[in-house]
Amino acid sequence: NLLCFVVSTQSTWDCGLMRGSYRRKDQGDHPRTEEKDFHAGAQRKEEKDYRTGAPRRRTAPPPKMPKENIKVAVDTVVPVMPAKHEIIQKPNWEANFQQDYDKLKKDIADLKKEKGKIYQDYNDALAGGEENKKYGELLAAIKKAGAKKNDLFEQQKQAKAEFEEAKAGYNELMNIVSKQRDELSIFSVEEVDEELVRLQKKLETTTLTVKEEQKIHQTIKELERMKPLIPEYKESSTKLAPLKDRYHKAKKVQSEIWNKLQVAIEEHGEIKKKLDIMNKEWSERKESTKVDEKKIELIGQGVEGVKKKMDALVNKYYDMEDAYYQQQKLIRKIEWMTREKERAVRFERIKKEREEEEKAKIPPHPYQAELDACDQLILYCKKFIVEKKEDVKKPEGKAENKALQSKITKGEIVVVQDKKKKEEEGMLIIGAGKKKKDKTVKDKKQTKK
């Protein structure tokens, strides 16, 4: 019955009664729980940027632009470099934003403190400081009483097991001793020996009837049967004494623990009754006392507004940082395009100069190698030709030169020059033979082989 009462008590009270962890299951949430939830929602863990020390951005960063595959040519238009007054300076969080951010954080802390004061006033109206102190002492007392009661339950359980074990051993040996004692009438071996000597002497010295003699013989047999049983009985009696002491001691301990357990249960019950009364009074005061919900709502709105300002400040810093890096990227792009355009212009100028040089040069004859080979063959063959001497009348004066020149122009005669002179003049004549040392003019064409 006692165990059932404790189990029912623990199922009704979840390790406590009202405030904090001690609250009845059938009662609503305490304002302090709501206050804790508010603070947990208001506090936001800030993750800082390891480079600048600024909080992480509140919005998603701008998407990364794909890499531009730009080919710079002579006619490529290079963007204009930003002017000196248009250059964006890199923002500094600690110098330009940290002070305003800390001020906003202080505003949130003040609003949280104000809301905490409202709940504190509400709790003071429900239960003053002395009552809270008394309630805290009762909670500590009931916790201590519960721990003591549970400890006594464990001790009672162990004492009961010890008592049952001692009782079983004592009863078992007691039954054996009782049976041995029922079989004995004399409990000393010396007395048995003396009685045997006396009866034996009586048989020898005294005149007895047959019936008396038979009786003495039966007594002697009985004494001889009891004689070996006496040591066993004494041994069992000796073992029975410590078991009896253990049994009585375990019984006494169990009784003492039981009495202590009853006192602990009564103490726990008294403390529980006091807490029940305080809970009932607190519930009645809670019905009549209300929190200023409108003011709490206004404070919550103020907190949200300050949070938005903080987010806007952080986003402004990162927007300025993004603009700075975008401009730096543009400047590097303009510088690169300028260098590439200058390089393209230089290459184009060099290309034109080379083309003009190539145009100024006289192209080589496509069959120059064959012509050179033919000249060598002619020189070689001339060694084996016997020339006929013919009288050729040389024209006289300028008229003769003009006639010769006209024949050369018309192709009637061919002037053969040496290789060095041909290279100097850049002319190669096909089909003509070698000129003699005296530079004679032949009238007919000679066929080259």
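The model is predicted, so local features need pLDDT of at least 70 and side-chain atom pairs count only at pLDDT 80 or more, while totals for chains, interfaces and linings use all residues. Residues are numbered from 1 along each chain as its sequence is written, and side-chain values use heavy atoms, with hydrogens and water left out.

**Helix H4 and helix H9**

- Helices (H or I, at least four residues) are DSSP runs numbered from the N terminus, and H4 packs with H9 at an angle of about 165 degrees, their axes 10 Å apart; axes are lines fitted to C-alpha atoms over the stretch in contact, with angles running from 0 to 180 degrees between N-to-C directions.
- That angle makes H4 roughly antiparallel to H9, a term for angles over 145 degrees, whereas angles under 35 count as roughly parallel, 65 to 115 as roughly perpendicular and the rest as oblique.
- Residues of H4 including Tyr101, Leu104, Ile108 and Leu111 take part in the meeting with H9, where the residues involved include Ile299, Val306, Met310 and Leu313; contact means heavy atoms within 4.5 Å.
- The residues of this contact of H4 with H9 divide into 13 nonpolar, 1 polar and 8 charged, where Asp, Glu, Lys and Arg count as charged, Ala, Val, Leu, Ile, Met, Phe, Trp, Tyr, Cys and Pro as nonpolar, and the others, Gly among them, as polar.

**Helix H4 and helix H8**

- The axes of H4 (residues 98-126) and H8 (residues 229-288) come within 9 Å and cross at roughly 125 degrees, which makes H4 oblique to H8.
- In this contact Tyr122, Ala125 and Leu126 of H4 meet Trp282, Arg285 and Lys286 of H8, and the residues divide into 4 nonpolar, no polar and 2 charged.

**Nonpolar cores**

- The largest nonpolar core has 22 residues, and those touching the most other members are Trp93, Tyr101, Val291, Val306, Met310 and Tyr317; such a core is a set of buried Ala, Val, Leu, Ile, Met, Phe, Trp, Tyr and Cys residues joined through side-chain atoms within 4.5 Å.
- H4 and H9 (293-360) are the elements that give two or more residues to this core, and H9 gives the most, with 9 residues.
- Leaving aside residues up to four places away in sequence, Val291 touches Ile118, Tyr119, Tyr122 and Ile296.
- A second, separate core of 21 residues includes Leu184, Leu199, Leu203 and Met226.

**Val197**

- Val197 lies in helix H6 (residues 189-205) and counts as exposed, at 56% relative accessibility; exposed means over 50% relative accessible area, buried under 20% and partly exposed in between (1.4 Å probe, protein chains only).
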